[in-house]
Amino acid sequence: MVDFYNYFLCNASEFNAIFGAIIGGAYLSLCLNGGVGVVEAYIERSTRENNYEYGHVRLFGSLAGGTAAFIGGIMFVRNPFSIFWAATCSAIILGVLLWTVKVKNEDTKARTNVEKEEESPVTKENIMNVFKNRSFWGFCLIIIGSATMFDVFDQQFPNYFASFFNDSSRGELVFSRIASVQVFLEAGFMVLTPWFINKIGAKNGLILAGLILFVRVLGAAFFTDIWMLAFWRLLASIEMPLMLVSIMKYITGIFDVRLSATVYMLGFNFAKQIGITIFSSVMGQLYRVMGFQNAYIVMSIMVLVFVIAGGIIMVSDKKHHSRLEFQSVS
């Protein structure tokens, strides 16, 4: 018994790390990642029903993210434990707000024919048709090449950035401020992006977002001055609005609008998380074996391959709309 007690004390930190990984992983998968998908799908549906642009509502998320990154960076440098308490208090406040918010029930008599059609029962056949649609699989590929690689790239980029400073804490502080500026710029671009995507089409918007990520990753491998690394990070302020707005517009433009949340959760959220699970491990090994710069070259090639493959398979939403309009006139 004493030997077991001594063994437990000696290995307590290891047990705590494993226990923390299990609890943290369960929270991230079930609450954070899953919850984000539900919230995004709800925002898209609400904006469509109230004739708002998704990007114009989503910009407030960017403003909040920029504020959190700025304040959180300062807190983390001064006292790493304080940010966890702040996050806990924020989560409690969010829970209270979600509990008290009232959702307005629409009067069924005032609904249009389109709204009634959207709320007709969804059958198993409707869902299975999604998997038979080649655009769904092309969409999944381009999400892996853009959204997945975006997150995988950003996982270790702060450490890569901080390694160019003599004092790593100084690098962390500078990066947090750059991240704040990036997210505030992102909010500004959210205002303009819906108009731009309406002009070029959602498919082209997704491809453009993937190409910007390709430039960011490859640039981080070859141009490593601190100001250039900051520039690669700031490019995300253009990439993220393009990706988010294009995703929602492509889903509602190509697929049955009744299944928009389903397609989003499967084609974006599920595909993205599966991709992160796979490529986080792959890139972790590459960082260890060949270093950040060479690993970034490999990552940029993977981004390009997935984006090109997805773009080839996906149907153009602009051509799809033109065909539907022609059929309705006929």
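**Helix α7 and its neighbours**

Reader: Is the crossing in which α7 passes α8 left-handed or right-handed?
Author: Good place to begin, and keep in mind that this is a predicted model. Here α7 covers residues 134-162 and α8 covers residues 168-200. Where α7 passes α8, the crossing is right-handed.

Reader: Which residues in α8 does α7 meet?
Author: On the α7 side, the residues are Phe-157, Pro-158, Phe-161 and Ala-162. The residues of this contact divide into seven nonpolar, two polar and one charged. On the α8 side, the partners are Ser-168, Gly-171, Glu-172, Val-174, Phe-175 and Ile-178.

Reader: At roughly what angle do the axes of α7 and helix α12 cross?
Author: Helix α12 spans residues 260-313. By class, its contact with α7 has 30 nonpolar, eleven polar and three charged residues. The two axes come within 4 Å, and they cross at roughly 35°.

Reader: Is Gly-145 buried or exposed?
Author: You can find Gly-145 in helix α7. Leaving out residues up to four places away in sequence, Gly-145 touches Leu-213, Val-303, Phe-306 and Val-307. Because its relative accessible area is 0% and the cut-off for burial is under 20%, Gly-145 counts as buried.

Reader: How many Å apart in space are Gly-145 and Ala-209, C-alpha to C-alpha?
Author: Along the sequence, these two are 64 residues apart. In space, C-alpha to C-alpha, the separation of Gly-145 and Ala-209 is 9.8 Å.

Reader: Which residues does Ser-146 touch, not counting residues up to four places away in sequence?
Author: Ser-146 also has its place in helix α7, and with a relative accessible area of 1% it is buried. Its C-alpha atom is separated by 9.0 Å from that of Lys-272, 126 residues apart along the chain. Setting aside residues up to four places away in sequence, Ser-146 touches Gly-210, Leu-213 and Met-243.

Notes:
Residues are numbered from 1 along each chain as its sequence is written. This is a predicted model: local features need pLDDT of at least 70, side-chain atom pairs count only at pLDDT 80 or more; totals for chains, interfaces and linings use all residues. Side-chain values use heavy atoms; hydrogens and water are left out. Axes are lines fitted to C-alpha atoms, for helices over the stretch in contact, and angles run from 0 to 180 degrees between N-to-C directions. Helices (H or I, at least four residues) and strands (E, at least two) are DSSP runs, numbered from the N terminus. A crossing is left-handed if the near helix is turned anticlockwise from the far one by less than a right angle, and right-handed if clockwise. Contact means heavy atoms within 4.5 Å. Ala, Val, Leu, Ile, Met, Phe, Trp, Tyr, Cys and Pro count as nonpolar, Asp, Glu, Lys and Arg as charged, and the others, Gly among them, as polar. Buried means under 20% relative accessible area, exposed over 50%, partly exposed in between (1.4 Å probe, protein chains only).
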